[in-house]
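Reader: I would like to learn how to read salt bridges and surface patches. Could you walk me through an example?

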Amino acid sequence: MTLEAIKVAIKKLPEREKTSLAAWLRQQDAEAWDRQIEQDFSEGGAGAALLEAWDAEINAGKSAPLEEFLAQRQTGRKSK
């Protein structure tokens, strides 16, 4: 079955079934995204080096806790 044939078949579905199909497709997409993120940030993944760099920065004391960083940003905005 071709993509075009699938599109034609979808157009013929009742609205309730289109809604169900759309929800199913969103779920499939979300699961694929989760798998990709897990793969990217696992050992040897594309994002592993970034995580290692962040860990090194934290261990060297070169980063602030998130709450402190956000407070600094908020203070900077108020002074403008």
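Predicted model: local features only at pLDDT ≥ 70, side-chain atom pairs only at ≥ 80, totals over all residues.

Reader: Which helix holds Glu 15 and Lys 18, and how many residues apart are they?

Author: Residues are numbered from 1 along each chain as its sequence is written, and side-chain values use heavy atoms, leaving out hydrogens and water. Helices are DSSP runs (H or I, at least four residues), numbered from the N terminus. Glu 15 and Lys 18 are both in helix H2, three residues apart, about one turn of the helix.

Reader: How many salt bridges does a search of the whole structure find?

Author: Side chains of opposite charge can pair when their charged atoms come close. A salt bridge here is a side-chain nitrogen of Lys or Arg within 4 Å of a carboxyl oxygen of Asp or Glu. The search finds two. Glu 15 pairs with Lys 18 at 3.3 Å, N to O, and Lys 7 pairs with Glu 4, with their closest N and O atoms 3.5 Å apart. Lys 7 and Glu 4 are also three residues apart, in helix H1 (residues 3–11).

Reader: Is Glu 15 buried or exposed?

Author: Buried means under 20% relative accessible area, exposed over 50%, and partly exposed in between (1.4 Å probe, protein chains only). Glu 15 is exposed, at 56%, while Lys 18 is partly exposed, at 24%.

Reader: Which helix gives the most to the nonpolar patch?

Author: Helix H3 does, with three residues.

Key
Helix = DSSP H or I, 4+ residues; strand = E, 2+ residues; numbered from the N terminus.
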